[in-house]
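Please read the following note alongside the sequence and the coordinates. The points are numbered so that each can be checked on its own.

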Amino acid sequence: MNLLEVTDLSVAYGAIEAVRSVSFTVAEGQIVCLIGANGAGKTTTLRTISGLLRPRAGDIRFQGKSIAKMPAHEILNRGIAHSPEGRRVFARMTVEENLLLGAYTRTDSAGISADVRRVCELFPVLGERRHQKAGLFSGGEQQMLAIGRAMMSRPKLLMLDEPSMGLSPIMTQLIFDTIRELQSQGTTILLVEQNALAALALSDHGYVVDLGSTTLDGPGHELLADERVQAAYLGQT
């Protein structure tokens, strides 16, 4: 069953068309990645799915219902959470305060407390330092916090934009291991990632986005073996 269906999506910033024909699906329980060069339209696509931008044309359907014209808070309530590029944690707020912001649409106090504990179990460093300000954390620790904050809405679909950006290889591996763990716990994941090798190795299905359009797709392991993908994105000839 497809949880998310994006069809012929077009998005513009004024007269500049950033996305011109993006189509893809995300099946329930999968990890799906979008790979492509900088400026290909991947981040714009995620921002449009989450309601931060409005499409010029095309449709976005979540659980069979169009969300293309819904406001961002309603899309969040329906079960789509977005961990943005650059993490964007609130540096002057504590770990716990950042996490609670991720649950701002919820009113179930007991459930919120349980989910804070769950995030702290998933990322032990957050539990150990839950009363410290987020600005004191390393880039990798802030990425953990950004993912944890997105999980606080109990999403059916978690969208992650460049989670490995600026991280060490060890921290990158930890983040990707966590993504796999989240999938095993029942969360469907849409991943935008510059590290095409790691993203495709992790993903059930991948799509190549080039100049605002989806140009190629297939199972992650098949795209890894595709000569066009190897030449363009994996540095192989």
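Are Phe24 and Tyr207 buried or exposed? Both Phe24 and Tyr207 are buried, where buried means under 20% relative accessible area, exposed over 50%, and partly exposed in between (1.4 Å probe, protein chains only).

1. Basis of the values. This is a predicted model, in which local features need pLDDT of at least 70 and side-chain atom pairs count only at pLDDT 80 or more, whereas totals for chains, interfaces and linings use all residues. Residues are numbered from 1 along each chain as its sequence is written, and side-chain values use heavy atoms, with hydrogens and water left out.

2. The aromatic pair. The structure holds one aromatic pair, formed by Phe24 and Tyr207, with 5.7 Å centre to centre and 55° between the planes, and therefore classed as tilted. For reference, rings of Phe, Tyr and Trp (its six-membered ring) pair if their centres lie within 6.5 Å; planes under 30 degrees apart count as stacked, over 60 as edge-to-face and the rest as tilted. The pair links distant parts of the chain, since Phe24 belongs to strand E2 (residues 16-27) and Tyr207 to strand E9, 183 residues apart; strands (E, at least two residues) and helices (H or I, at least four) are DSSP runs, numbered from the N terminus.

3. The nonpolar cores. A nonpolar core is a set of buried Ala, Val, Leu, Ile, Met, Phe, Trp, Tyr and Cys residues joined through side-chain atoms within 4.5 Å. The largest one has 44 residues, of which Leu126, Leu158, Ile179 and Leu191 touch the most other members, and helix H6 (residues 139-151) gives the most to this core, with six residues. A second, separate core of 27 residues includes Met70, Leu157, Met159 and Leu190.

4. Leu126. Setting aside neighbours within four places in sequence, Leu126 is in contact (heavy atoms within 4.5 Å) with residues including Val95, Val119, Phe137 and Met144.

5. Gln183. This residue lies in helix H7 (residues 169-184) and, because its relative accessibility is 14%, Gln183 counts as buried. Beyond its neighbours within four places in sequence, Gln183 is in contact with Gly29, Gln30, Ile31, Ile189 and Asp204.

6. Asp210. Found in strand E9 (residues 205-210), Asp210 is partly exposed, with a relative accessible area of 34%. Not counting residues up to four places away in sequence, Asp210 touches Ala40, Thr215 and Tyr233, while the C-alpha atoms of Asp210 and Ala37, 173 residues apart along the chain, are separated by 7.0 Å.
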